[in-house]
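Hi,

Here is the model I said I would pass on. Have a look at it first, and then read my notes below.

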Amino acid sequence: MRFFTAVASVLALTIVSLAGQLGAASDIASLADKHTGELVELYKHFHANPELSYFEQKTSERLADELSKAGYEVTHPVGKYPADKDYTCWGVVAVLKNGSGPTVLVRGDMDGLPITEKTGLPYASKVRMADISGEQVGVMHACGHYIHTTVLLGTARMLAELKDRWSGTVVIAGQTAEERGNGARALLADGLYERWPVPDYAIAEHTDPMLETGQVGYCPGWAMANVDMIDITIRGIGSHGARPHQGIDPIVLSAQVINALQTVVSRNINPIETGVVTVGSIHGGSKHNIIPDEVKLQLTVRSYKDQVRRRMLDAIERITINTARAAGVPEDRLPVITQRTEFTPALYNDPELTAETVAVLKTELGERNVIEIMPTTGGEDFSEFGRTDHKVPIFMMRLGTAPAGSRPGGRPGLHSALFYPVVEPTIRTGVVAMTTAVLNLLGK
Ligand SMILES: [Zn+2]
Ligand SMILES: [Zn+2]
């Protein structure tokens, strides 16, 4: 990593702000301009042809092919899902070795979402495909992962052309199934840090409609949350709706459990820590006058620290089980609590790596375009790249997609059927930012 002295930073910032006023572009920006046209065409192709998590075959084949043409040593497919996910993992790993020096991993994800696009764009997705349950659904890149794929390729091309500027190894990781929380783990389970050089640093970008296009956001330390998904089956004893005393009503019991779960955060977690418990789904019963046998609940649980997470999960189990006991549910009919394997751990941006990268991004993009943002309780499995025993420092920056001058939050957000970015400046800024970050870590 190249360390700037305070004096050099001040000088550089002065030069950049002067350059900005004069409209001058750096050589990285000029090279990015050369690539942007072709990248936008590829972007539109990915936009119109999204693939759901676990099914990213064509997207990954195209990425692998383009990386190979750019001079990278490509392996595809890569990745091993957990045993209960019997799918080919379409991950891509591409390596460019360029002399001695550190290794930097650059990660981009590729999967779309089961949402029917409503943007009305000429290249809007009309794709429908079967999801993992076999149901036909509309598919859309509503989280901007195709932007990440495009930026990943653009960065790879730039670094191949700028080989005289750096020394070391670049590992490009095209990741699947981010929306299912299994793609990063699948790459690591297939030997990402054993079959290829262990990175000294790992970096990634994610789109952000709260920022304007041309801007990049950063959040040192805890930036995104642990995401747990929990299924609860509340079991009672069914009976006639007119004779509730002959059964145990799981609907009333579910209401009690849901209310009691509101104390998980408010009464169990230190108020200065972050926690969220949301019951997002409740299904039970079939008719007015039937007390059903069971009710199903689905919860999402968010936290940052591992010990807070553990305390919340324990509290959910304790409250649910013992509320059922209080209602007289027999021991062999107590609630069944299942934690999904699709867990995403909290994302911790290494503060030193973040600070070093932010310094060069400010120089390249201009001080006003590099903005410190608040942590969110959303999740991103890029976190996994920093959670192995190797303790690789990681940094995920946010890439602005909203039109310049638009009201923050006034545009459709991620996972909306109306989400789309301002195309050219977003791709260009993404490539410039990522290339700048890598060159800072590997620069001669
Ligand atoms: Zn998403
Ligand atoms: Zn995403």
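**Notes on the metal site**

The zinc ion (ligand 1) and the zinc ion (ligand 2) sit 3.2 Å apart, with C143 coordinating both. Keep in mind that this is a predicted model.

Starting with the zinc ion (ligand 1): its protein donors are C143 through SG, E179 through OE and H415 through NE2, at 2.0 to 2.3 Å. Along the chain these donors follow the spacing C-x35-E-x235-H. C143 lies in the loop between β5 (136–138) and α4 (145–161), while H415 is in the loop between β18 (394–402) and α10 (423–442), so this pair ties together parts that are 272 residues apart in sequence.

Is C143 buried or exposed? C143 is buried, with a relative accessible area of 6%, which puts it under the 20% cut-off for that label. H415 is partly exposed, at a relative accessible area of 40%.

Now the zinc ion (ligand 2). Which residues coordinate it? They are C143 (SG), H145 (NE2) and H206 (NE2), at 2.1 to 2.4 Å. The sequence spacing of the donors for this zinc ion (ligand 2) is C-x1-H-x60-H. H206 belongs to strand β7 (residues 201–212) and C143 to the loop between β5 and α4, so that pair ties together parts that are 63 residues apart in sequence. Both C143 and H206 are buried.

Cheers

Terms used. Residues are numbered from 1 along each chain as its sequence is written. Chains are lettered from A and ligands numbered from 1 in the order in which they are written. This is a predicted model: local features need pLDDT of at least 70, side-chain atom pairs count only at pLDDT 80 or more; totals for chains, interfaces and linings use all residues. Side-chain values use heavy atoms; hydrogens and water are left out. Donors are N, O and S atoms within 2.8 Å of the metal (3.2 Å for Na, K and Ca); water is not among the atoms, so sites may look incomplete. Helices (H or I, at least four residues) and strands (E, at least two) are DSSP runs, numbered from the N terminus. Buried means under 20% relative accessible area, exposed over 50%, partly exposed in between (1.4 Å probe, protein chains only).
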